[in-house]
Amino acid sequence: MGAVVDRLASLGLTVPEVAAPVAAYVPAVLSGQYVHTSGQLPFVDGVLPATGKVGAEVSPEDAQEYARLCALNVIAAIGSVVDLDSVVRVVKLGVFVASAPDFTGQPAVANGASELMAAAFGAAGSHARSAVGVAVLPLDTPVEVDAVVEVR
């Protein structure tokens with residue numbers, strides 16, 4: 001067990017198995033000192049907890065929790081190519097929110113992912129971020145998150 005796993009355990013969370021890709025890609029790639037993850041969906045045991053647009057079928061509060069689940073899957077993807085304790089900085093998160101046309105709360109939804117990264121990686125979890133509203137995401141998921149992290 002490492003520090004990241006211990007921090008997550010203190011929140012009642014465990015790093016899940018890496019989500020199986022839904023198309024022709026790998027969950028994460030190590031390139032030099034950086035890990036780039038593919039977009040991760042909020043799968044729990046291989047199942048999406050909800051589908052639909054935030055601000056319509058999905059509440060912003062639920063979407064924030066789904067962003068947190070996406071971030072947990074991002075952590076699993078990172079851990080598939082490096083030791084999680086080798087992360088020296090979460091550089092950037094990209095958070096994509098399938099949004100109803102009038103929904104403008106993407107930053108609050110993205111906070112679910114950002115707050116988990118801070119909890120998991122401590123000071124190294126502070127990052128730049130994009131929170132983008134989109135018309136539709138794969139499998140009609142409400143949220144998708146990707147990341148770039150620096151490792152030693």
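Let's start with a helix pair: α2 passes α3 in a right-handed crossing, where right-handed means that the near helix is turned clockwise from the far one by less than a right angle. The model you are looking at is predicted, so local features need pLDDT of at least 70 and side-chain atom pairs count only at pLDDT 80 or more, while totals for chains, interfaces and linings use all residues. Residues are numbered from 1 along each chain as its sequence is written, and side-chain values use heavy atoms, without hydrogens or water.

Helix α2 covers residues 60-79 and helix α3 residues 106-121; they pack at an angle of about 40°, with axes 7 Å apart. Helices here are DSSP runs (H or I, at least four residues), numbered from the N terminus, and each axis is a line fitted to C-alpha atoms over the stretch in contact, with angles from 0 to 180 degrees between N-to-C directions. The pair α2 and α3 is therefore oblique, the class left over once angles under 35 degrees (roughly parallel), over 145 (roughly antiparallel) and 65 to 115 (roughly perpendicular) are set aside. On the α2 side, the contact (heavy atoms within 4.5 Å) includes A63, A67 and A71, and on the α3 side it includes G112, L116 and A120. By class, this contact has 14 nonpolar, three polar and one charged residues; Ala, Val, Leu, Ile, Met, Phe, Trp, Tyr, Cys and Pro count as nonpolar, Asp, Glu, Lys and Arg as charged, and the others, Gly among them, as polar.

Now follow α3 to another partner. Helix α1 (residues 3-10) has an axis that comes within 7 Å of that of α3, crossing at roughly 120°, and these two are therefore oblique as well. Here V4, R7 and L8 of α1 meet L116, A119, A120 and F121 of α3, a set of six nonpolar, no polar and one charged residues.

The whole structure holds one cavity of 30 Å³ or more, on a 1 Å grid a set of points where a 1.4 Å probe fits but cannot get out. The largest cavity has about 70 Å³ of space, and its lining includes Y25, L41 and F43.

Notes. On a 1 Å grid over the protein atoms alone, a cavity is a set of points where a 1.4 Å probe fits but cannot get out, and a pocket is an open set with protein on both sides within 12 Å along at least five of seven lines; lining residues have an atom within 4 Å of a point. Grid points are joined across faces, edges and corners, and a volume is the space filled by probe spheres set on the points.
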